Amino acid sequence: AAQASDEDAPPRLQAARERKAALGGSDPLSGHLVDARLARAAKSLDAAQRAIDAAFALAPYDLKVLRERERVAVARGAWSTAIASARTALDLAGERATPRQVREFVDLLARTRQAQGAALDALVRAQFDALTSSHPDDPWVRSEALRVAYPLDSAQDRWTGEHALSELENL
């Protein structure tokens, strides 16, 4: 998932404002992205949504657009949109996806599950299934998928714990 902390630092936001002013209207995509970022940072989420929707309409497969769309969706609590945007970005990276990108996606899934509980559990599990298929040799992905599949902190029966341990031994 796209982390916003460094991107939203005041000097970076000021640089974004200056870049937009320098571009004028010559680059509408960049203008929409800057508008979305500034509005999100100012907690004006409706304006951020309008700006990112305009950017997404222009370039639905642009990584910067997808990352900002994810950030706006997380800020709005639109977890399905956030996951869809992050998943598309990860799919576009394909085999070139870095471990950091994969871990950010897993972090987004964990935050979604924490925020929504069982409401989006099926979506989160489906994303973990897809992630383990696309990154079968990544032990971190496999262990996180097991943690989601067999939440030991809430296990009420011995079978769940034993099955999870058996799966972990196979890593």
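Nine helices and zero strands: that is the secondary structure of this chain. Helices here are DSSP runs of H or I with at least four residues, strands are E runs of at least two, and both are numbered from the N terminus. Along the sequence the pattern reads α-α-α-α-α-α-α-α-α.

A word on the source. This is a predicted model, where local features need pLDDT of at least 70 and side-chain atom pairs count only at pLDDT 80 or more, while totals for chains, interfaces and linings use all residues. Residues are numbered from 1 along each chain as its sequence is written, and side-chain values use heavy atoms, with hydrogens and water left out.

Now the whole chain. It has 171 residues, and 37% of them count as buried. Buried means under 20% relative accessible area, exposed means over 50%, and partly exposed lies in between, with a 1.4 Å probe and protein chains only.

Next, the cores. A nonpolar core is a set of buried Ala, Val, Leu, Ile, Met, Phe, Trp, Tyr and Cys residues joined through side-chain atoms within 4.5 Å. The largest one has 20 residues. Among those with the most contacts inside it are Leu 90, Phe 105 and Phe 128. Which helices each supply at least two residues of this core? They are H5 (79–93), H6 (99–116), H7 (121–134) and H8 (139–149). H5 gives the most, with six residues.

Look at Val 102, also on that most-contacts list. Leaving aside residues up to four places away in sequence, Val 102 touches Leu 90, Ala 97, Leu 131, His 135, Asp 138, Trp 140 and Val 141. Contact means heavy atoms within 4.5 Å. There is also a second, separate core, of 11 residues, including Leu 29, Leu 33, Ala 48 and Ile 52.

On to one helix pair. H1 (residues 10–23) and H2 (residues 28–41) pack at an angle of about 150 degrees, their axes 10 Å apart. Axes are lines fitted to C-alpha atoms, for helices over the stretch in contact, and angles run from 0 to 180 degrees between N-to-C directions. In H1, Leu 13, Ala 16 and Arg 17 are among the residues that meet H2. On the H2 side, the residues include Val 34, Asp 35 and Leu 38.

Last stop: Lys 43, in the loop between H2 and H3 (45–58). Lys 43 is not a glycine, yet has a positive phi of about 65 degrees. Is Lys 43 buried or exposed? Lys 43 is exposed, at a relative accessible area of 68%.
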